[in-house]
Amino acid sequence: MSEPVRQRLYIGGEWVEPDGGHYEVINPADESVVGLAPEASRAQVEEAARAAAEAFGTWSRTTPEARAAILDRAADIMQREFEPWAELARAETGAPTGIARGMQVGVGVSRFRRYAKGALEPVERGLPPQVTDAGPMGKASVLGALEVRQPVGVVTCVTSYNNPWANPAGKVAPALAMGNTVVVKPAPQDPLSVFKMAEALHEAGVPTGVVNVVSGASVEVGEAAVDSPYVDMVSFTGSTAVGQRIAEVCGRGMKRQLMELGGKGAALVLEDADLDAAVLGIGTTFSFYSGQICTAPTRVIVHRSVYGALLEKLTGYLAFMKVGDPAERGTVVGPVISAAHRDRVESYVELGRKEGARIAYGGERPAVGDGRGFYVAPTLLVDCTNDMRVVREEIFGPVVVVVPYDGDDEEAVRLANDSDFGLLSYVWSGDPARAFRVARRLRAGGVGVNTIGRNMEAPFGGFKRSGVGRDVGSYALHAYSEIQSIVWTT
């Protein structure tokens with residue numbers, strides 16, 4: 001058996017040995033060692049931030065065409081290495097093959113392509129002239145004005161473990177397109193894929209210091225990447241609790257921030273809904289990343305008149321979901337990321353039982369292979385009420401809670417909005433006009449009407465404790481920029 005690969009840090013255009021040695025990256029499917037990730041020191045993180053700051057002046061003045069060409073070449077390299085890098089993504093995340101290929105590396109490539117084009121989007125907008133009379137501010141004149149989008153500076157990108165390709169690509173590519181430089185701090189559970197992204201950018205010719213990747217299992221590495229005086233902005237995807245701590249640090253230094261935090265997506269199933277369509281949508285909680293996705297419709301609010309029928313269809317749907325090794329053909333639900341997270345999800349299932357929820361499906365640890373791996377059974381908790389912790393807190397696993405209601409749309413909206421979270425919600429109804437009326441009243445950053453699909457040009461972000469700011473499409477370019485106004489007299 002070959003020795004695991006020892007990954008090095010990427011700082012200032014060089015591959016650097018970590019001061020803190022290496023730690024094991026574990027395959028969630030079988031608990032084997034995928035590779036050895038580098039443990040950066042605080043000094044090395046500071047060196048990465050300094051390198052990004054030194055590179056900013058030159059990179060921010062490069063032509064949009066030059067930035068676009070590098071992003072396009074990086075996408076070409078990712079496409080060339082698609083098979084081995086998708087295999088690595090599957091090994092470190094435990095995602096089934098189709099997800100690792102299409103939703104991870106495939107989305108990473110498409111996001112680099114999108115922001116290669118994004119680099120060419122106009123950053124200047126003329127504003128209507130203003131006629132001013134003579135006064136204390138000067139003589140009478142006509143004042144012209146120009147709105148200019150400027151890069152923020154050095155951006156620290158702290159990425160999530162559930163998607164080590166799409167998530168970093170959605171931060172790094174638009175930040176670079178706008179002329180920022182970056183320090184990337186990947187999630188400790190699966191950082192190896194992010195270093196592959198750095199390899200692609202390095203080969204594509206990204207200048208020294210423009211991209212830096214530092215990893216580590218210790219909290220100190222992330223803290224250093226956030227509180228460095230060289231850092232102007234932090235883009236974070238992860239839990240609300242960690243996001244709050246990062247926001248406090250950003251507040252002390254007036255750093256800009258983009259926060260995509262937790263979710264507890266409400267799926268409203270009205271009495272006239274197409275139940276088969278609703279079940280397919282709700283079922284993505286189990287099939288995408290084993291429920292480790294903040295946009296999942298995990299909180300079903302269903303009218304009592306169709307409650308029994310929906311539960312029957314959901315349990316029937318679950319019966320055909322194969323839980324197993326993500327490398328095996330036909331696997332729909334793979335493992336969760338770690339033993340600690342498996343235990344956390346299982347503790348929520350037990351909590352739901354104690355709170356009075358009924359387990360309609362799942363609830364027991366599935367038997368997979370030789371017993372190794374961090375598998376959680378897809379679980380359906382029913383007869384829930386809105387005051388239960390399993391309804392109010394993000395579980396981040398293949399667990400759906402179902403809350404019945406008896407009243408009208410007003411009650412459904414009230415239940416949906418009675419949450420600390422507001423990322424994505426969903427409405428299923430046979431009457432599109434009614435569904436849109438309900439959607440407009442939901443306190444969520446996005447609402448799917450009879451779909452869980454997303455338009456990747458539409459703004460993405462959350463209300464309430466689900467985040468700050470918007471990205472995706474051109475909104476990501478805006479997020480990684482500051483607006484400057486230039487005024488002149490004519």
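Predicted model: local features only at pLDDT ≥ 70, side-chain atom pairs only at ≥ 80, totals over all residues.
Q: Let's start with charges. How many salt bridges does the structure hold?
A: The idea is to look for a Lys or Arg side-chain nitrogen within 4 Å of an Asp or Glu carboxyl oxygen. This structure holds 26 of them.

Q: Which residue does the side chain of Glu220 meet in a salt bridge?
A: That would be Arg42, with an N to O distance of 3.9 Å. Glu220 sits in helix H7 (residues 219–227) and Arg42 in helix H1 (residues 42–60), so this pair ties together parts 178 residues apart in sequence. On accessibility, Glu220 is partly exposed at 39%, and Arg42 is partly exposed at 31%.

Q: And what does Arg80 pair with?
A: Glu203: their side chains form a salt bridge at 2.8 Å, N to O. Here too distant parts of the chain are linked, with Glu203 in helix H6 (residues 192–204) and Arg80 in helix H2 (residues 64–80), 123 residues apart. Glu203 has a relative accessible area of 47%, so it counts as partly exposed.

Q: How far apart are Lys196 and Glu199 in helix H6?
A: They are three residues apart, which means a separation of about one helical turn. Their side chains meet in a salt bridge at 3.4 Å, N to O. Lys196 is partly exposed at 21% relative accessibility, and so is Glu199 at 29%. Elsewhere, salt bridges with shared partners join Glu271, Asp272, Asp409 and Arg434 into one network.

Q: On to helix H14. Which of its residues are buried?
A: A residue is called buried when its relative accessible area is under 20%. In H14 (residues 409–417), that holds for Asp409, Ala412, Val413, Leu415 and Ala416. Look down the axis of H14 and these buried residues fall within an arc of 165°, so they line one face of the helix.

Q: What covers the buried residues of H14?
A: The cover includes strands E12 (266–269), E13 (299–303) and E16 (399–405), along with helix H15 (432–440). At the start of H14, check Asp408 too: one of its side-chain oxygens comes within 3.1 Å of the backbone nitrogen of Glu410.

Q: Last one: where is Ala360 found, and what does Ala360 touch?
A: Contacts here mean heavy atoms within 4.5 Å. Ala360 belongs to strand E14 (residues 358–361). Leaving out residues up to four places away in sequence, Ala360 touches Thr315, Leu380 and Val382. Ala360 is partly exposed, at 27% relative accessibility.

Note on methods: Residues numbered from 1 in each chain as written. Heavy atoms only, no water. Helix = DSSP H or I, 4+ residues; strand = E, 2+ residues; numbered from the N terminus. Buried < 20%, exposed > 50% of the residue type's maximum accessible area, 1.4 Å probe, protein only. Arc of directions from axis to C-beta. Polar contact = N/O pair within 3.5 Å; in protein donor to acceptor, adjacent residues only side chain to side chain.
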